[in-house]
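Hi everyone, thanks for having me.

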Amino acid sequence: MGEMSARLAVVVPTFNRAQTIERAVASVLDHAGSDVELAVVDDQSTDDTLQRLSRISDGRFRVVRAPQRGHANRARNLGAEATGAPVVAFLDSDDEFMPGRIARLIRFFADHPNIDAAIDGFHVEHRGSRKTSNPPFTFPSGGSLERFLICHALPLTNSAIAVRRTAFLAIGGFDPDLPRHQDRDLLLRLAKGHAVAVGTGCDVVKHQSADSLSRDQVGHLAGLDALVARHERFNEPWARDVLGYLVARSIVRETFNARFATAWRLSRSL
């Protein structure tokens, strides 16, 4: 377990991210005090990720080696188990926290004891350009939050989610068998009985590269099928209409970008 003095734990799952893992770690340790603990969970990397991590000497930092390849959700759950702070924030190993995020999260959860989780805004960097996704600050009800999530009306990334440990454990953590949409699934389960705040800040940088999972539209929709099977609200007529729109939107996007083979594969899911 983590140090009892830590008020925030940061969990970083990683697999073969040697070129970015040090940046992610530095974005936490370089801008935090003694009230943070950081666990990097290596999911059986085959590059020199572990060697790079072994160079880091900091009492707030630890490396957890997954016993077998289990993908990001299992790694996130392992990291949460290895830490002890009352609030857990997640950071993907190719992303980074901006200065001030850790102190702000600690202050926010201290000032709002009835809030169980936060969904924050973030910046997306791709090929030298930056786009900001920052929802307005609000405390939506559980039902309205579910609708926002089903309609893809909120920008999401795991790196912009923080949750109280008690709430995270109460819902069973991340679903280890869900390959995509992990953040949406976690938040849909939280929305059913926990208070979630949206847009408490915008201090995460998501780095999007050619091999980012978020750019794989076919995998995105295949994962959506698995998500739908886990949540009954997707069976409601309005939700089915939303799903049809999301597929159609993806087809139009792929066609516009001249990725016709992908657009054709997506059309088969309608």
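Let me start with a quick one: is Asp48 buried, exposed or partly exposed? With a relative accessible area of 27%, Asp48 is partly exposed, since buried would need a value under 20% and exposed a value over 50%. Before I go on, please keep in mind that this is a predicted model.

So who does Asp48 talk to? Asp48 forms a salt bridge with Arg52, and the closest N and O atoms are 3.3 Å apart. Arg52 has a relative accessible area of 18%, so this one counts as buried.

Arg69 sits in the loop between β3 (61-65) and α3 (71-82), while Asp43 sits in the loop between β2 (36-42) and α2 (49-54), so the pair ties together parts that are 26 residues apart in sequence. Arg69 is partly exposed, at 38% relative accessible area, whereas Asp43 is buried, at 3%.

Another salt bridge joins the side chains of Glu125 and Arg130, at 2.6 Å from N to O. Salt bridges that share partners also make a network, and that one joins Glu22, Asp48, Arg52 and Arg55.

Okay, let's zoom out. The protein has 270 residues, and 53% of them are buried. In terms of secondary structure, we have 10 helices and 9 strands. If you take the contacts with a separation of 6 or more, 78% of them are between residues 24 or more positions apart. The accessible surface comes to about 12,500 Å², and carbon and sulfur atoms account for 53% of that.

Now the inside. In soluble globular proteins, nonpolar side chains tend to be buried together. Here, the largest nonpolar core has 37 residues, and the members that touch the most other members are Ile119, Leu145 and Leu190. There is another core apart from that one, with 31 residues, including Leu29, Val40, Ala118 and Phe122. As for Leu145, if we leave aside its neighbours within four places in sequence, its contacts are Ile119, Pro140, Leu154, Ala191, Val196 and Val198.

Which brings me to a helix. How many of the 10 residues of helix α7 are buried? The answer is 10 of the 10, so α7 (residues 182-191) is largely enclosed by the rest of the structure. The buried residues of α7 include Asp183, Arg184, Asp185 and Arg189, along with Leu190 and Ala191.

On to the strands. In a regular strand, the side chains alternate between the two faces of the sheet. You can see that in β4 (residues 87-90): Val87 and Ala89 point one way, Val88 and Phe90 point the other way, and all are buried. β4 has a parallel partner in strand β1 (residues 8-14), over 4 bridges, with Phe90 as the bridge partner of Val11. β4 also runs antiparallel to strand β8 (residues 161-164), joined by 3 bridges, and there Val88 is partnered with Val163.

There's a hairpin to look at as well. Strand β6 (residues 117-126) and strand β7 (residues 129-133) pair antiparallel over 5 bridges, and Val124 stands opposite Lys131. The hairpin has 2 residues between the strands, and Arg127 takes a positive phi near 55°.

Last topic: rings. The structure holds 5 aromatic pairs. In one of them, Phe90 and Phe168 have ring centres 5.6 Å apart and planes at 40°, so the pair is tilted. This pair links distant parts of the chain, as Phe90 is in strand β4 and Phe168 is in helix α6 (residues 165-170), 78 residues apart. Both of these residues, Phe90 and Phe168, are buried. A contrasting case is Phe108 with Phe109, an edge-to-face pair with 5.5 Å centre to centre and 90° between the planes. Phe108 is buried at 7% relative accessible area, and Phe109 is buried at 4%. And finally, ring pairs link Phe90, Phe168 and Phe174 into a cluster.

Methods. Residues numbered from 1 in each chain as written. Predicted model: local features only at pLDDT ≥ 70, side-chain atom pairs only at ≥ 80, totals over all residues. Heavy atoms only, no water. Buried < 20%, exposed > 50% of the residue type's maximum accessible area, 1.4 Å probe, protein only. Contact = heavy atoms within 4.5 Å. Areas by Shrake-Rupley, 256 points an atom, 1.4 Å probe, with all protein chains shown as cover. Core = buried A, V, L, I, M, F, W, Y, C linked by side-chain atoms within 4.5 Å. Salt bridge = Lys/Arg side-chain N within 4 Å of Asp/Glu carboxyl O. Pairing = 2+ DSSP bridges. Phe/Tyr/Trp six-rings, centres within 6.5 Å; stacked < 30°, edge-to-face > 60°.
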